[in-house]
Amino acid sequence: MLRNRIAHIAIGAATLEQGVKAMADALGVTIPKGSKHDAMSTHNCVMQTGNESFFELIAIDPDAPDPDRVRWFTLDD
């Protein structure tokens, strides 16, 4: 049986700090720090939302060099 499910919800933010504040103001939750993505020059905050699903805030990492590719989720735009 094929089951459709949402495994990952990602929201791009101008900065992680702005994204964390927006989520705290809107939903009353603080998204924990996640990790850095060296190949994309991004970083994130991530939290589990179910057994197999996650919520992610992602932003350009200001401390990382520009990547040699377009970043995920049109963050360059």
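## Basis of the report

The structure is a predicted model, in which local features need pLDDT of at least 70, side-chain atom pairs count only at pLDDT 80 or more, and totals for chains, interfaces and linings use all residues. Residues are numbered from 1 along each chain as its sequence is written, and side-chain values use heavy atoms, with hydrogens and water left out.

## Overall architecture

The protein chain contains one helix and four strands, and along the sequence these elements follow the pattern β-α-β-β-β. Helices (H or I, at least four residues) and strands (E, at least two) are DSSP runs, numbered from the N terminus. Along its principal axes, the C-alpha trace spans about 40 × 35 × 20 Å.

Of the 77 residues, 29% count as buried. Here buried means under 20% relative accessible area, exposed means over 50%, and partly exposed lies in between (1.4 Å probe, protein chains only). The chain exposes about 5,500 Å², of which carbon and sulfur atoms supply 55%; accessible areas come from the Shrake-Rupley method with a 1.4 Å probe, and for residues only the protein chains shown count as cover.

Among contacts with a separation of 6 or more, 47% involve residues 24 or more positions apart. A contact means heavy atoms within 4.5 Å.

## Asn44 and its surroundings

Asn44 belongs to strand β3 (residues 42-48). This residue counts as buried because its relative accessibility is 6%. Its side chain reaches the backbone nitrogen of Ser35 at 2.6 Å and makes a polar contact with the side chain of His37 (3.4 Å). A polar contact is a pair of N or O atoms within 3.5 Å; within protein, one must be able to donate a hydrogen and the other to accept it, and residues adjacent in sequence count only if both atoms are side-chain atoms.

When residues up to four places away in sequence are not counted, Asn44 touches Leu16, Lys33, Gly34, Ser35, His37, Glu56, Leu57 and Ile58.

## Charges and salt bridges

The protein chain carries 7 positive and 11 negative charges, whose mean positions are 7 Å apart. Lys and Arg count as positive and Asp and Glu as negative, while His and the chain ends are not counted; the place of a charge is taken as NZ of Lys, CZ of Arg, CG of Asp or CD of Glu.

Side chains of opposite charge can pair when their charged atoms come close. The structure holds six salt bridges, a salt bridge being a side-chain nitrogen of Lys or Arg within 4 Å of a carboxyl oxygen of Asp or Glu. Three of these pairs are set out in the table.

| Acidic residue | Basic residue | N to O distance |
| Glu52 | Arg5 | 3.2 Å |
| Asp61 | Lys36 | 2.9 Å |
| Asp68 | Arg69 | 3.3 Å |

Glu52 forms a salt bridge with Arg5. This pair links distant parts of the chain, with Glu52 in the loop between β3 and β4 (54-60) and Arg5 in the segment before β1 (8-12), 47 residues apart. Glu52 is partly exposed at 46% relative accessibility, whereas Arg5 is exposed at 51%.

Lys36 and Asp61 meet through their side chains in a salt bridge. The two also join distant parts of the chain: Lys36 is in strand β2 (residues 33-37) and Asp61 is in the segment after β4, 25 residues apart. Lys36 is partly exposed, with a relative accessible area of 49%, but Asp61 is buried at 5% relative accessibility.

In the salt bridge between Asp68 and Arg69, Asp68 is exposed at 69% relative accessibility and Arg69 is partly exposed at 44%. Salt bridges that share partners also join Asp66, Arg71 and Asp76 into one network.

## Backbone and loop features

Most residues other than glycine have a negative phi, and most peptide bonds are trans. Phe73 has a positive phi near 55° and is not a glycine; this residue is partly exposed, with a relative accessible area of 47%. Thr74, also not a glycine, has a positive phi of about 55°. Thr74 is placed in the segment after β4 and is exposed, with a relative accessible area of 53%.

Asn51 lies in the loop between β3 and β4 and counts as exposed at 77% relative accessibility. Between Asn51 and Arg71 the separation is 20 residues in sequence and 28 Å in space, C-alpha to C-alpha.
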